[in-house]
There are 2 protein chains.
Amino acid sequence: MRLATLADGTPDGRLHIVSRDNARCTPAKAAQTLQAALEGWDSLRPALEAEYAALNGGGGQPFDPAEALAPLPRAWAWLDGSAFDNHGALMDEAFGVKAEKIPGKPLMYQGMSDRFLAPAADVPLPSEEDGIDFEGEFGLLTTAVPMGTTDALPHVALLVQINDWSLRKLGAAEMKTRFGWIQAKPACAMAPVAVTPDELGPAWAGGRIHLPLQVTWNGAVFGSPNGAEMSVGFDRLVAHAAYSRHLPAGTVIGSGTVSNAAFREVGSACIAERRAIEMLDHGDARTPFMGFGDRVRMECRAADDTPLFGAIDQQVIRA
Amino acid sequence: MRLATLADGTPDGRLHIVSRDNARCTPAKAAQTLQAALEGWDSLRPALEAEYAALNGGGGQPFDPAEALAPLPRAWAWLDGSAFDNHGALMDEAFGVKAEKIPGKPLMYQGMSDRFLAPAADVPLPSEEDGIDFEGEFGLLTTAVPMGTTDALPHVALLVQINDWSLRKLGAAEMKTRFGWIQAKPACAMAPVAVTPDELGPAWAGGRIHLPLQVTWNGAVFGSPNGAEMSVGFDRLVAHAAYSRHLPAGTVIGSGTVSNAAFREVGSACIAERRAIEMLDHGDARTPFMGFGDRVRMECRAADDTPLFGAIDQQVIRA
C-alpha cells in the first residue's frame, strides 16, 4: 500500500491513497490523516488496503508528487540512527571528532520532529557559512511501541525516504558538547510516498531496504549507495529507541546517511562524506558545501526501476 | 495567571484555570487545551486572564494538584539546556566525560517530548542497574518562535517546573557517542501548575527564576538550589534553539539541573551532582542512585512561601 498527504490547510494535511504506479490518488476514507491511520493501524489497515486495491483497479485523480506534503508533516518523535558503519568511519575522519560507539548498541540522536518539509519545498537556512549539506536516508514510521519491546519488526508500519538537512560547520562543534545536535540539524524533508514494506518485495529483508538511493546535486550524479549495508537493521534501531520509553504511533526512525564500503564506485549520499574521502585521498577537502540556489534530488526506485517513494527535489534558499 | 490540565480521556487533557492560591480551578472557556491556548496565545490570553480574575473572586471547584496531568501532557519539542555552569563543572567530574562548551553558546539537547508524566505519576523504568536519578529543573513554554529570533523573551508564555528523569549509567556512555541521550533520558515529569511570568513578581528577572527549588528524596531534604544562578537566561536558550528552525507553539525549554556554587550549603537537585561532590571530597561516590519504591519530591514556592508550580512527588517503579 502507498500513502501520501496533500495540503488541506491543516497542520497534518489530508491522507491520500496512492496507486501502485504513483500516478493516481484518492482521499483515504478510513482515516483523515496519516497520524490517525498510524494510531489505529491494526484496525484501520484492512480498510485502507481495500481502498488501495480499488484504486489500483482504476479511478482517482492524478497524483503530482511535487504537490505533496511530507507523508507525515509533523511527528511526535524523530530518532535518527547512524547505522551505516562505513559512513561513521568516514565521518570520524571528516569531523576530526570521533563518535565512540557503545558495544552492541547503534548510534542514535533525537532530532526536531515538529516539521518535516514537503519533498519539493524550498529549504530556508540562515547562512551559507554553516556548511549546508544534505543526507540521503531511509526511514520508517512506527505504530505505538511499548517500552521494552525487543521484537520490533511488527511495529514497522511504513517505509519512507528522508533528506536529513545538516549544517556541518556547526555540527562538529555541537558533537564536542556531547549533547547532540540542535543548530546543526534543521528540519528534514520526506519523499512524497510512504509505502508498506510488502511494496518492496524481496528488497525489504533483514530490516533493511536493499535498494540504491540515487542522489544528484544541481543535476550532476553524486552517488547511489544501497541501503542493504546497514550494520544493524531497522528492527534493532526501533528496539534501541524503546528501551526506556514508549514510542508513540508515528515515530520516525532513520537509518542515518546511506553509505557503502564501495564508496569509490557508488559515491555518497552527503557532501561531508565525499569531503572525508577527499581528505583521505588528497589531504584536504575539495568539494564545497551547498550555496543558496543549489538543488539536491534524491530518489529510491523499486528493483524494476518503477517509482517507489517518489523524489525529494529541493532548493536551498536564504531564510 | 495559573493554568493546569486535568484528565478527560484525551491525549492533551482539559485546560483549567487555577486560582492564585492553587486551591480552586475551573475549566477554561477560551481554549480546550494548553496546546491550543499557546497556538493562539496573543489573541486568547486576554480572555483567559479575565477567567483567571473571575476565579480569583470566588467559585470554581477544589483543585487537587495530585490529580493533575502535566500542564502540557505532550509537546512538539523539548529542548533542555544545561545553563547552570556549576552543575556542568561538577558533572564533567562525575561522568569523567567532559562536555566541551561552544564559546558564546549554551549547552542544549533535544529530548523526548511526546509524553510528560503527571506530577504524581509513578515512573516505570526498566532496571535499577541503570543509575536512576532525578533532575530538578525550571522550564518554560513558548509561543511560536520564528527561525532567527534573537529577542526571545516576548515568546515566553508560561513558566513550569520539571523533573528530568535520567539513567546515569547509560548517560555517560551515550555522551561518548557525541549523539546526545536516547536510552538515558526517559519521559520527564512536570509540576501541576504552569504560571505566567508575572505571577513571580520580582522573582522573574533577567530571564531567570530567582527562587529555590526544594528537593526531598524519601522524605529527607536533598537540596534547595536557587534558579538565579543560570549562566545564561532563558531568553538566550530560546534564541539558541531558534537559530536554524522555527519553534512550534508549546515548545518546552529547560534550564538544566538547578545548581549553585554554594552547593555545600544548599545541596543539589540531582544525585549525580552529589556523587560528583563526594568524589571531589572523598575520592569516591557514596550516595547510591534510586531504587524501585523510592520517592522524590520537588517544589518551588513563591517568595512569600505560598504555592506556585505545585509539587512533583513521584515514586519509581519497575516497568
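Student: Which cysteine sulfur is closest to the sulfur of A:Cys188, and how far away is it?

Tutor: The closest cysteine sulfur to that of A:Cys188 belongs to A:Cys270, at 13 Å, which is too far for a bond. A disulfide is taken here as a pair of cysteine sulfur atoms within 2.5 Å, and by this rule the count over all chains is zero. This is a predicted model, in which local features need pLDDT of at least 70 and side-chain atom pairs count only at pLDDT 80 or more, while totals for chains, interfaces and linings use all residues. Side-chain values use heavy atoms, without hydrogens and water, residues are numbered from 1 along each chain as its sequence is written, and chains are lettered from A and ligands numbered from 1 in the order in which they are written.

A:Cys188 is buried, with a relative accessible area of 1% (buried means under 20%, with a 1.4 Å probe and protein chains only). A:Cys25 is likewise buried, also at 1%. In chain A, buried residues make up 62% of the 319 residues.

As for the setting, chain A has seven helices and 20 strands (DSSP runs: H or I of at least four residues for helices, E of at least two for strands). Of its contacts (heavy atoms within 4.5 Å) with a separation of 6 or more, 73% join residues 24 or more positions apart. The C-alpha atoms of chain A fill a box of roughly 60 × 45 × 35 Å along the principal axes.

Technical notes. Buried < 20%, exposed > 50% of the residue type's maximum accessible area, 1.4 Å probe, protein only.
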